[in-house]
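Please have the sequence and the structure open while I speak.

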Amino acid sequence: MKFIDGVENFDINCETSLTIGNFDGIHIGHAKIIDTTVAIARDEGLSSVVITFDPHPSRVFGHDIQLLMSLNKKNEILSNMGVDYHILIKFNKEIMNMDPEVFVRELLIKKLNAKFIVVGYDYRFGARRKGDFELLKTLSRRYNYTALKIDKIVIDDMTVSSSNIRKLLLNGNLLHANRMLGRYYLVEGEVERGDGLGRLLKFPTANIKVFDYLIPKYGVYATLLKVDDMIYKSVTNVGIRPTIPGSNELRVESYIFDFDGNIYGKKVELFFVDYLREEMKFNDFELLKKQIEKDCIVAREVLKNI
């Protein structure tokens with residue numbers, strides 16, 4: 001897959017099957033849209049194109065949205081899905097206020113040679129979000145392309161969407177969120193030195209500085225930690241460690257089972273498999289240590305067949 005930063009840099013002379021969206025998290029609904037786009041391209045002898053935006057439009061509109069996926073991870077997944085080109089468009093006032101027909105004509109048709117345009121059930125575009133699938137269908141006759149709409153997916157009476165996944169993660173409903181994602185929710189980060197408390201408790205932890213990702217509900221999780229292309233089973237605490245006096249800084253700390261290596265400064269991926277319990281305050285460190293022992297037993301049981 002070729003990543004192109006800016007549609008003005010797309011100068012490939014080919015006809016395309018394309019889709020447009022934020023695709024934050026690339027959940028199972030997104031995957032259906034992208035898979036359809038790629039399959040059409042292969043069947044019709046076209047190039048497949050995925051168009052995304054940066055920054056996330058919600059941030060431009062003033063919402064402090066937390067992302068489910070980094071650009072690097074998105075590129076990795078899109079490449080594995082067989083996409084030919086990922087084009088990142090700068091979302092600004094010009095794009096936001098563009099007339100929907102101008103957007104289709106100048107960008108999708110003239111610039112990207114679209115022969116098929118695949119969108120989700122709720123896709124909106126252009127000035128005041130006036131553009132929708134019905135407009136794409138109407139314009140398809142004028143500009144000689146085929147418009148396709150992918151219906152929504154519902155799991156347990158909830159529509160699969162990035163916003164609903166965010167809500168589930170913040171509420172600790174990890175299993176439901178993972179079903180919508182089609183994989184374990186993950187964050188990327190770097191291991192940095194902590195205060196050594198875990199080692200004193202006989203449970204040395206990797207203190208992970210998480211990059212620009214949504215942090216799920218505070219609590220304890222059964223997790224997998226990927227470092228240097230190796231995956232280790234672990235238990236992770238997300239929170240402010242209320243047992244420690246004066247502690248109010250968010251920490252993501254993972255105790256890695258059966259591991260004694262030095263990973264300070266390493267880039268890691270942390271996969272959240274199951275939510276075990278809420279973060280708790282203990283009266284002393286001995287009670288905290290006993291609870292960590294229990295958490296490890298539960299986490300090992302959750303992870304035993306993974």
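**The largest pocket**

Of the helices, α1 gives the most to the lining of the largest pocket, with four residues, where a helix is a DSSP run of H or I of at least four residues, numbered from the N terminus. Before I go on, this is a predicted model, in which local features need pLDDT of at least 70 and side-chain atom pairs count only at pLDDT 80 or more, while totals for chains, interfaces and linings use all residues. Residues are numbered from 1 along each chain as its sequence is written, and side-chain values use heavy atoms, with hydrogens and water left out.

The lining comprises 39 residues, with G21, N22, D122, Y123 and R129 nearest the centre of the pocket; a pocket here is an open set of points on a 1 Å grid over the protein atoms alone, where a 1.4 Å probe fits, with protein on both sides within 12 Å along at least five of seven lines, and lining residues have an atom within 4 Å of a point. Helices α1 (28–44), α2 (57–60), α4 (93–96) and α7 (162–170) each supply at least two lining residues.

Turning to the helix pair, α5 (residues 100–111) and α6 (residues 133–143) pack at about 55 degrees with axes 11 Å apart, the axes being lines fitted to C-alpha atoms over the stretch in contact, and angles running from 0 to 180 degrees between N-to-C directions. The two helices are therefore oblique to each other, since angles under 35 degrees count as roughly parallel, over 145 as roughly antiparallel, 65 to 115 as roughly perpendicular and the rest as oblique.
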